[in-house]
Amino acid sequence: MAPTSGPGAGGTTVTLTGTGLATAGSVRFGATPAASFTVVSDTHITAVAPAGTGTVPVTVTTPGGTSNGISYTYSAAPTLSGVSPDQGPTSGGNTVTLTGANLTGATSVTFGATPATSFTVVSPTQITAVVPAATAGPVGVTVTTPGGTRTLQSAYFYVITPVLTGVAPPAGPLSGGNTVTLTGLHLIEATAVRFGTTAASAFTVISDTQITAVVPAGAAGLAGVTVSTAGGTSNAVSYTYLAAPVVTVLVPSQGPTSGGQTVTLTGTNLAQATMVRVGGAPAGFTVVSDSHIVVDALPGAAGTVNVTVTTPGGTSAPKTYTRVGSPGI
């Protein structure tokens, strides 16, 4: 007999094989007559199983008597209660766990209309399945067993991979701690922000196109910033970790109280200068190279003042510039 099992609702067509079947007058599943049957030949009968439960003997009755019984099992209909995780990338390939009941003997698992890439029945209450690729949006998950088919509507959501277009400001100190704004698309469900391989100290999703993140400490140089969601990990945008500027020499180191002269600052990490202060006041400046800046000396009272350079990497230790009053006779 094949198949040897079917759903409790009945309706399965079963082929019985034997001898002396040509004059069959009835086919019974337990005590219940088959919904219908057809004598194909003296050795074959097809019968439509009625509704039932448990395991029952299938018998054929002819004028010559009733046959021995062959076991037929009514399988309980499957149920689905959840999918975990319930979202993933449109590219598929991730593994999810389906929970429910009566899942033994599952013959198919589909996401929407697409069969799972593969699946494994772990127990009567659990199946693991590899998700196929699909377009973004919700789909129902369906399991078919000998006991029937069950669909859990909108049980799984396909998420588009995030895209990053920029980070501002694009540079900062080695110590981190500064806040940057990431812009892009499909950022709303961000689960992680990384600078290279280091997780952001903290981040806040502002909208589907914007995230603010607190930069972790890092080594000098470029780091790729990425955002991860259930849809995958974004492309990387460049962020530069800058060492703090250092000023070693001012030439000249003194000048008139009236200002008007230029002073050359020599040091390291000066190329990204955003401000030069002389005596606490912003001064005009020109970056010549990573090791030289030309600054317009400001007027002021006679005496010493501090000169500092600020870049995204921090502010330099102060160097002293002396304003000298005009001589008198």
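This is a predicted model: local features need pLDDT of at least 70, side-chain atom pairs count only at pLDDT 80 or more; totals for chains, interfaces and linings use all residues.

Q: How many helices and strands are in the chain?

A: The chain has zero helices and 38 strands. Helices (H or I, at least four residues) and strands (E, at least two) are DSSP runs, numbered from the N terminus.

Q: And what box do the C-alpha atoms fill?

A: Along the principal axes, the box is roughly 145 × 25 × 25 Å. The radius of gyration of the chain is 39 Å, whereas a compact globule of 329 residues would have one near 20 Å. That radius is taken over C-alpha atoms, and the globule rule is 2.2 Å times the number of residues to the power 0.38.

Q: Turning to Pro 78, where is its place?

A: Pro 78 is in the loop between strand E9 (70–75) and strand E10 (79–84).

Q: Buried or exposed, and why does Pro 78 count that way?

A: Pro 78 counts as buried because its relative accessibility is 1%. Buried means under 20% relative accessible area, exposed over 50%, and partly exposed in between (1.4 Å probe, protein chains only).

Q: Which residues is Pro 78 in contact with, leaving aside its neighbours within four places in sequence?

A: Among them are Ala 101, Leu 103, Val 143, Gly 148 and Arg 150; contact means heavy atoms within 4.5 Å. Thr 151 is 73 residues from Pro 78 in sequence, yet their C-alpha atoms are 9.3 Å apart.

Q: A change of topic: in what order do the five strands of the open sheet come?

A: The order is E11-E18-E17-E13-E14, with mixed pairing. Strand E11 (87–89) and strand E14 (114–115) are the edge strands, each pairing on one side only. Two strands pair if DSSP finds at least two bridges between them.

Q: How do E13 and E14 run?

A: Strand E13 (residues 108–111) and E14 run antiparallel, joined by two bridges. Phe 111 stands opposite Thr 114 in E14.

Q: Finally, which residues line the largest cavity?

A: The lining consists of Leu 250, Val 263, Leu 265, Val 278, Ala 297, Val 307 and Tyr 321. A cavity is a set of points on a 1 Å grid over the protein atoms alone where a 1.4 Å probe fits but cannot get out, and lining residues have an atom within 4 Å of a point.

Methods
Residues are numbered from 1 along each chain as its sequence is written. Side-chain values use heavy atoms; hydrogens and water are left out. On a 1 Å grid over the protein atoms alone, a cavity is a set of points where a 1.4 Å probe fits but cannot get out, and a pocket is an open set with protein on both sides within 12 Å along at least five of seven lines; lining residues have an atom within 4 Å of a point.
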